[in-house]
Amino acid sequence: EKAPVLQAFKAAVDAVAPARAAPAKRAAPVDGAAPKPKVRKEAPAMPETKEAMRELVNSGEVDRLTVGVLKDWLKNQGIANSGKKAELLE
């Protein structure tokens, strides 16, 4: 009973708004080369001294230290080393 009504509705919708094709993929670069992958810089090594840590802080490199490295450095300095990265950086 419902099939003819649904078919008529589908035909009416298709007549008003024809089906759209799937969007095209981005075109390949003109020179044919594949896009270059992003290169991640290596995280800086654990600083050995407070001066080395100050240099990392002043240069902004301290944000690239991992939580493990931060915790190890704080432990070596005798400072509390629990919490999230933001808390460790304070």
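**View 1. Contacts of Leu 88 in a predicted model.** Leaving aside neighbours within four places in sequence, Leu 88 is in contact (heavy atoms within 4.5 Å) with Val 67, Leu 70, Lys 71, Leu 74, Asn 81, Ser 82 and Gly 83. The model is predicted: local features need pLDDT of at least 70, side-chain atom pairs count only at pLDDT 80 or more, and totals for chains, interfaces and linings use all residues. Residues are numbered from 1 along each chain as its sequence is written, and side-chain values use heavy atoms, without hydrogens and water.

**View 2. The largest nonpolar core.** Eight residues form this core: Met 53, Leu 56, Val 62, Leu 65, Leu 70, Trp 73, Leu 74 and Leu 88. Such a core is a set of buried Ala, Val, Leu, Ile, Met, Phe, Trp, Tyr and Cys residues joined through side-chain atoms within 4.5 Å. Buried means under 20% relative accessible area, exposed over 50%, partly exposed in between (1.4 Å probe, protein chains only).

**View 3. Helix H1, residues 2–16.** Helices are DSSP runs (H or I, at least four residues), numbered from the N terminus. The expected span is 1.5 Å times one less than the number of residues. For the 15 residues of H1 that gives 21 Å, and the end C-alpha atoms are 21 Å apart, which agrees. The number of buried residues in H1 is zero, so the helix lies largely in the open.

**View 4. Gly 68 in helix H3.** Gly 68 lies in H3. Its relative accessibility is 39%, so Gly 68 counts as partly exposed. Met 46 is 22 residues from Gly 68 in sequence and 9.6 Å away in space, C-alpha to C-alpha.

Definitions and conventions: Helix = DSSP H or I, 4+ residues; strand = E, 2+ residues; numbered from the N terminus.
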